[in-house]
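The sequence and structure are shown first.

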Amino acid sequence: MKNIIVLIIFIGSLFATAKGQSLQKTPAPKIVHIVLFKFKKSTSSEQIKDLKDEILKQKNTVAGLLEISFGLDFTGRAKDFSYAETAVFKDRKSLDEFNRSDYHKQLIIKQIKPILEDILVLDYEQ
């Protein structure tokens with residue numbers, strides 16, 4: 001009797017797989033957060049370096065923040081947006097936690113706004 005039950009389960013799983021169905025849960029899409037910065041002309045390279053250091057420190061502020069980077073555009077095609085930050089999050093909840101974190105809010109107030117001319121933010125599911 002046990003052999004018949006095992007055989008039925010095995011055949012059922014083959015049928016489900018053949019139909020393109022998986023017994024495994026599909027993982028939720030990751031979230032990519034992109035920020036383009038256009039700094040005031042008076043912004044020094046030291047201010048940008050300090051900002052980069054603080055942006056990269058955010059890696060440890062939210063558990064769902066998987067990757068973060070900051071860099072200079074080298075093509076000149078970004079309509080005077082010269083730097084970008086990209087971050088990858090486990091899910092939307094992690095992005096929301098990141099945006100609401102005190103560290104992130106203070107970074108915006110103390111280091112970004114004083115040197116910022118313009119900003120562009122885009123978030124998408126990967």
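## A salt bridge across the chain

The side chains of Arg92 and Glu125 form a salt bridge with an N to O distance of 3.0 Å; the term denotes a side-chain nitrogen of Lys or Arg within 4 Å of a carboxyl oxygen of Asp or Glu. This pair joins distant parts of the chain, with Arg92 in helix α3 and Glu125 in strand β4 (residues 116–125), 33 residues apart. Arg92 is exposed at 54% relative accessibility, whereas Glu125 is partly exposed at 43%. Here buried means under 20% relative accessible area, exposed means over 50%, and partly exposed lies in between (1.4 Å probe, protein chains only).

## Basis of the model

The model is predicted: local features require pLDDT of at least 70, side-chain atom pairs count only at pLDDT 80 or more, and totals for chains, interfaces and linings use all residues. Residues are numbered from 1 along each chain as its sequence is written, and side-chain values use heavy atoms, with hydrogens and water left out.

## Salt bridges in helix α2

The whole structure contains 3 salt bridges. One of them pairs Asp53 with Lys49 at 2.9 Å, N to O. Asp53 and Lys49 are about one helical turn apart, because they are separated by 4 residues in helix α2 (residues 45–57). Asp53 has a relative accessible area of 31% and is partly exposed.

Lys57 and Glu54 also meet in a salt bridge (3.0 Å, N to O). Both residues belong to helix α2 and stand 3 residues apart, about one turn of the helix. Lys57 is partly exposed at 48% relative accessibility.

## The surroundings of Ser94

Ser94 is located in helix α3 (residues 92–100) and is buried, with a relative accessibility of 5%. Its side chain makes a polar contact of 2.7 Å with the side chain of Asp91. Such a contact is a pair of N or O atoms within 3.5 Å; within protein, one must be able to donate a hydrogen and the other to accept it, and residues adjacent in sequence count only if both atoms are side-chain atoms.

Leaving aside residues up to four places away in sequence, Ser94 touches Val62, Gly64 and Phe89, where contact means heavy atoms within 4.5 Å.

## Overall architecture

The protein chain has 4 helices and 4 strands, arranged along the sequence as α-β-α-β-β-α-α-β. These elements are DSSP runs numbered from the N terminus: helices are H or I with at least four residues, and strands are E with at least two. Of the 126 residues in the protein chain, 27% are buried.
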